[in-house]
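Biologist: I would like to learn how to read a model like this one, feature by feature. Could you take me through it, giving the general idea before each case?

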Amino acid sequence: MALAGVGGTLGATMLAQRARRMEVAEQNRLAALERQQDREDQAAQTRRELYAALNAAASAYRTAGRDTVLALRRGETVAADALDASRQAYYDQYAQAQMVLGATALDVAGEVNQCLGAGYHLVRHLPLDPSGAGLLSRTDAQLVQAKRWFAGPLSDAVHLLQEALRAELGVNGAPTVEQFEAKVVVLSQARAALQRERRQLQERQEG
């Protein structure tokens, strides 16, 4: 009887120890899952903040260029500082985003980047001081061209970037990959048409 009692006590102790080990293992597993979830949540939050910053920077860059064009059309003298500052802020965000963007969003962002660059070069080829004799009339066509670019294709480009970033974050209702690809082609064609127009306008002015 004494041996049976000792055996029973030992058995109960071993079962208790085993239960305790299982409990500790489960606690460790849950803690590891919680840490993993925290890391994923932090990564997702960082991604959202980065995408929001890129979207804001692209919009501000376009707005600065558009405002410069409108000011020049009003005959105002414009400093390039604001446009250059918005351009640099955008490129800082774009460089960061390139490291984490998915394939489709990266393709969209790459084309939008080129569209923004085309807008910047349109503005930088305009005289920032239109007060010179005959200078404004000589650039009327360029101002019209720049206004059309900023109000049309470039506005569409920035909106497409926003859609691509929202899709990357899993927002419902985003276009499909095929739709994104088709819109990127349209932007690329518009940019190519702008380049042709610029060459033709330059040739007419030089002639």
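Predicted model: local features only at pLDDT ≥ 70, side-chain atom pairs only at ≥ 80, totals over all residues.

Biologist: At what angle do helix α5 and helix α6 pack?

Modeller: Axes are lines fitted to C-alpha atoms, for helices over the stretch in contact, and angles run from 0 to 180 degrees between N-to-C directions. Angles under 35 degrees count as roughly parallel, over 145 as roughly antiparallel, 65 to 115 as roughly perpendicular and the rest as oblique. Helix α5 (residues 140–151) and helix α6 (residues 153–168) pack at about 25 degrees, their axes 3 Å apart, and α5 is therefore roughly parallel to α6. On the α5 side the contact (heavy atoms within 4.5 Å) is made by R148, W149, F150 and A151, and on the α6 side by P153, L154 and S155.

Biologist: Is T68 buried or exposed?

Modeller: Buried means under 20% relative accessible area, exposed over 50%, and partly exposed in between, with a 1.4 Å probe and protein chains only. T68, which lies in helix α1 (residues 2–73), counts as buried because its relative accessibility is 8%. Leaving aside neighbours within four places in sequence, T68 is in contact with V78, L83 and V123. L143, in helix α5, counts as buried at 4% relative accessibility, and its C-alpha atom is separated by 8.4 Å from that of V123, 20 residues apart along the chain.

Biologist: Which residues have the most contacts inside the largest nonpolar core?

Modeller: A nonpolar core is a set of buried Ala, Val, Leu, Ile, Met, Phe, Trp, Tyr and Cys residues joined through side-chain atoms within 4.5 Å. The largest has 42 residues, and Y90, L116 and W149 have the most contacts inside it. Elements giving two or more residues to this core include α2 (81–97), α3 (103–124) and α7 (177–206). Not counting residues up to four places away in sequence, W149 touches several residues, among them C115, L122, L154 and L194.

Conventions
Residues numbered from 1 in each chain as written. Heavy atoms only, no water. Helix = DSSP H or I, 4+ residues; strand = E, 2+ residues; numbered from the N terminus.
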